[in-house]
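I open the notebook on a new structure. I want to look up how its parts are put together.

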Amino acid sequence: EMALRLLVLAATLSCTCAYMTQSLLLPRGRRESLLPSSFPSRQRASSHVLVCKAEESAPNKLRKLLKQPGILVMPCCFDGLSAKLVQRAGFDLTFMSGFATSAAKLGLPDTGYMSYGEMADAGRDICSAVSIPVIGDGDTGYGNAMNVKRTVRGYAQAGFASIMIEDQVAPKRCGHTKGKQVVSRDEAIQRVQAAVDARDEGADILILARTDARGCISMDEALERIRLYEKAGADIVFLEAPQSIEEMKMHCEAAPNTPKLANMLEGGKTPVLPPKELEKMGYKIAAYPLTLVSTAVKAMNRALESLKDGRPVDDILDFAELRDIVGFNDYYAEEERYKL
């Protein structure tokens with residue numbers, strides 16, 4: 001009897017620790033589902049059988065999405081609010097854009113100003129705001145192979161489903177702007193291998209491997225890096241800034257066994273195609289990196305012009321809807337549970 005009680009106590013403590021660890025990465029409204037079944041509010045069947053129910057991890061959600069048929073349309077976010085809007089609109093996943101996050105957080109261009117710590121902090125806020133998987137821009141990994149592994153582990157702890165690691169020389173910059181450079185092929189593969197090793201050593205996160213070699217060296221070099229990324233064990237591959245439909249097809253043919261990402265940047269170097277056409281080529285994810293931040297800036301500029309001219313701002317969001325989006329109604333509902 002004493003041995004059974006100790007076993008039940010140990011299981012309860014184990015479940016409680018698992019709850020506390022995972023709940024730190026979740027919004028408060030989602031934490032109750034992680035409580036051990038032995039807790040009074042979550043009591044289930046036998047008093048001697050404990051069932052710990054945890055929400056499915058973000059990486060597992062992404063793995064399932066990648067296995068499902070059809071292309072994934074992925075608007076990219078830059079803060080908790082924009083991520084919430086992506087989820088609210090019904091999209092299955094989002095991506096924390098380095099360009100948009102640098103613009104929104106620092107008011108600076110995507111030229112390497114954002115540090116690892118700043119990106120991880122921004123990502124933690126975004127991942128905590130939504131339940132859909134979030135892919136994080138990990139830039140160059142912020143140093144050598146050991147730094148890459150630390151970055152991968154840090155992004156996993158922040159709640160990301162996947163991290164993107166690229167082969168640019170630091171400080172990196174937006175792949176569709178001038179002045180970028182890439183490291184040698186060996187160093188590029190080493191970065192991806194370090195990221196894959198960190199994943200395989202326990203970091204629950206997918207690795208998205210990116211090359212910018214098309215614009216810096218040649219399309220042939222970019223394709224070879226994509227092949228080697230696949231061989232190294234990357235979960236998703238991304239050839240940045242192909243300049244024609246033919247080059248996009250070559251990208252898909254270079255890694256037939258790995259999901260591929262197409263970057264649909266309006267006004268960029270790559271043809272912007274409908275998702276169905278991208279799917280036929282062999283792409284699995286269609287990313288829209290600047291659509292949200294661009295439309296937000298345009299709308300804010302229009303509103304500022306109206307205010308400057310002394311005119312009322314047209315087409316403004318209803319205050320009740322804004323309150324609902326940012327979570328006031330959820331707050332009020334939970335507040336009722338604790339009324340005295």
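I note a term before using it: two strands pair if DSSP finds at least two bridges between them. The model I am reading is a predicted one.

Entry one, strand 8. I looked up what lies opposite Ala286 in strand 8, and found Ala262. Strand 7 (residues 261-263) pairs with strand 8 in the parallel sense, over 3 bridges. Strand 1 (residues 72-77) also pairs with strand 8 in the parallel sense, here over 4 bridges. I found Tyr288 in strand 8 as the bridge partner of Pro75. I then checked the faces of strand 8 (residues 285-288): Ile285 and Ala287 are buried on one side, Ala286 and Tyr288 on the other. I also traced a right-handed β-α-β unit made by strand 7, helix 11 (residues 275-281) and strand 8.

I located His251 in helix 10 (residues 245-254). Is His251 buried or exposed? I put it down as buried, because its relative accessibility is 0%. The side chain of His251 makes a polar contact with the side chain of Tyr283, at 3.1 Å. Leaving out residues up to four places away in sequence, I list among the residues His251 touches Leu223, Phe238 and Leu261.

The largest nonpolar core has 47 residues, and Val152, Tyr155, Phe160, Ile205 and Tyr229 touch the most other members. Helix 7 (185-200) is one of the elements that give two or more residues to this core. Helix 7 gives the most, with 7 residues. Apart from this core I found another, of 19 residues, including Leu62 and Met74.

Note on methods: Residues are numbered from 1 along each chain as its sequence is written. This is a predicted model: local features need pLDDT of at least 70, side-chain atom pairs count only at pLDDT 80 or more; totals for chains, interfaces and linings use all residues. Side-chain values use heavy atoms; hydrogens and water are left out. Buried means under 20% relative accessible area, exposed over 50%, partly exposed in between (1.4 Å probe, protein chains only). A polar contact is a pair of N or O atoms within 3.5 Å; within protein, one must be able to donate a hydrogen and the other to accept it, and residues adjacent in sequence count only if both atoms are side-chain atoms. Contact means heavy atoms within 4.5 Å. A nonpolar core is a set of buried Ala, Val, Leu, Ile, Met, Phe, Trp, Tyr and Cys residues joined through side-chain atoms within 4.5 Å. A crossover is right-handed if, with the strands pointing away from the viewer, the path from the first strand over the helix to the second runs clockwise.
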